[in-house]
Amino acid sequence: MADGAHETLEKTALHALHVELGAKMVPFAGYDMPVQYPLGVLGEHLHTRAKAGLFDVSHMGQAYLVGPDHETTAKAFEALAPGDIVGLAPGQQRYTILLNDEGGIIDDLMVTRPLDPAREGHLFLVVNASRKAVDFPHIRKALPEDVTLETLDTQALVALQGPSAVEVFARHCPAAAKLVFMTATHAVFDGMDIHVSRSGYTGEDGVEVSVAPEDAEKFVRTLLAHDDVEPLGLGARDSLRLEAGLCLYGNDIDETTSPIEASIAWTIPKHRREAGDFPGADRILKELADGTGRKRVGILPDGKAPARGHTEIQTGGSTIGEITSGGFGPTADGPVAMGYVAREHAKAGTELDLIVRGKPRAAKVAKLPFAPHRYAK
């Protein structure tokens with residue numbers, strides 16, 4: 001990177017704290033972000049699985065969709081996404097996708113109907129950092145006159161993940177202990193106003209918290225003062241989500257990928273399939289009926305060396321797919337990967353060859369996730 005290039009990168013409200021804590025900083029999605037701390041990626045990953053890890057995810061895009069009532073706002077969003085948004089109960093969160101007219105995935109995101117009656121008619125959105133410059137104009141362009149999009153450009157977002165996360169967090173915010181997986185509430189944490197959801201991107205129990213930028217450093221220092229909590233960077237975030245079998249936008253899904261190919265057909269409930277009233281419905285309904293040419297699957301390479309993204313997948317000398325995410329899984333204690341293969345080779349246990357440096361290396365299709373999900377249902 002050229003000298004001075006870091007000056008063009010955005011900084012989150014926690015940037016100075018990352019530097020103080022000895023983080024190695026790297027460019028990511030236009031931000032200067034911590035990739036690891038002195039504990040190292042392996043140590044951070046294992047600490048999260050055992051206790052609690054804290055991520056700064058303030059680079060993500062946060063916004064409110066605001067309309068006169070819930071049904072109006074939700075229907076406006078359902079014109080862009082195939083999930084059940086109208087059916088969200090107050091305080092309920094849902095994972096969904098934005099689709100283009102060809103049935104490709106513009107982004108995957110979280111949508112929450114606020115519990116607070118004062119925010120009736122609002123939907124809280126959290127989108128991927130690398131896609132917010134695409135998502136927000138796309139959403140705005142499609143909205144009716146009585147629904148608006150209000151972005152929260154400086155708001156901090158922090159994730160605390162791991163088996164100790166909620167117990168530690170609830171010492172400062174008792175309301176968090178009452179949440180179950182994919183629910184959320186506005187609450188107070190040591191006098192600071194926050195929005196907290198019981199969700200995350202690691203396969204572990206935990207919370208994601210939206211907090212004002214002026215409170216962010218105090219908030220994080222309070223959590224890091226607990227012995228069970230360590231700061232985590234992008235490296236551990238990636239290895240944790242890969243073991244959990246969770247997609248990374250730009251690697252495992254993109255605008256050419258359909259949700260059926262990506263093995264996330266469950267994001268489209270029965271009544272939306274029957275109505276067919278979402279972008280790309282013709283392709284997606286055909287794929288649901290007839291199957292797809294390829295499927296996203298878990299892959300376990302033999303040996304100890306990881307298989308990285310873009311590794312070619314073959315069987316019998318013929319190319320049948322490609323690795324999209326791969327690395328070492330500390331919890332799985334070996335290399336793990338995800339990728340797309342021709343559907344006739346997608347069954348768990350199917351033997352494959354990964355072409356590494358021109359030579360075939362044995363692997364097999366595996367069920368996802370590689371580490372069990374431990375959400376608070």
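Which residues of helix 9 (residues 281–290) are buried? The views below are of a predicted model, in which local features need pLDDT of at least 70, side-chain atom pairs count only at pLDDT 80 or more, and totals for chains, interfaces and linings use all residues. Residues are numbered from 1 along each chain as its sequence is written, and side-chain values use heavy atoms, with hydrogens and water left out.

View A. A281, I284 and E287 are the buried residues of helix 9 (buried, under 20% relative accessible area; exposed, over 50%; 1.4 Å probe, protein chains only). Seen down the helix axis, these buried residues fall within an arc of 135°, so they line one face of helix 9 (arc of the directions from the helix axis to the C-beta atoms). The face turned away from the buried side carries exposed D282, K286 and A289. Strand 5 is included in what covers the buried residues (contact, heavy atoms within 4.5 Å). Just after helix 9, G291 has a positive phi of about 90°.

**View C. Strands 5 and 6.** Seven bridges join strand 5 to the antiparallel strand 6 (residues 105–112). D107 in strand 6 is the bridge partner of L98.

How values were computed: Pairing = 2+ DSSP bridges. Helix = DSSP H or I, 4+ residues; strand = E, 2+ residues; numbered from the N terminus.
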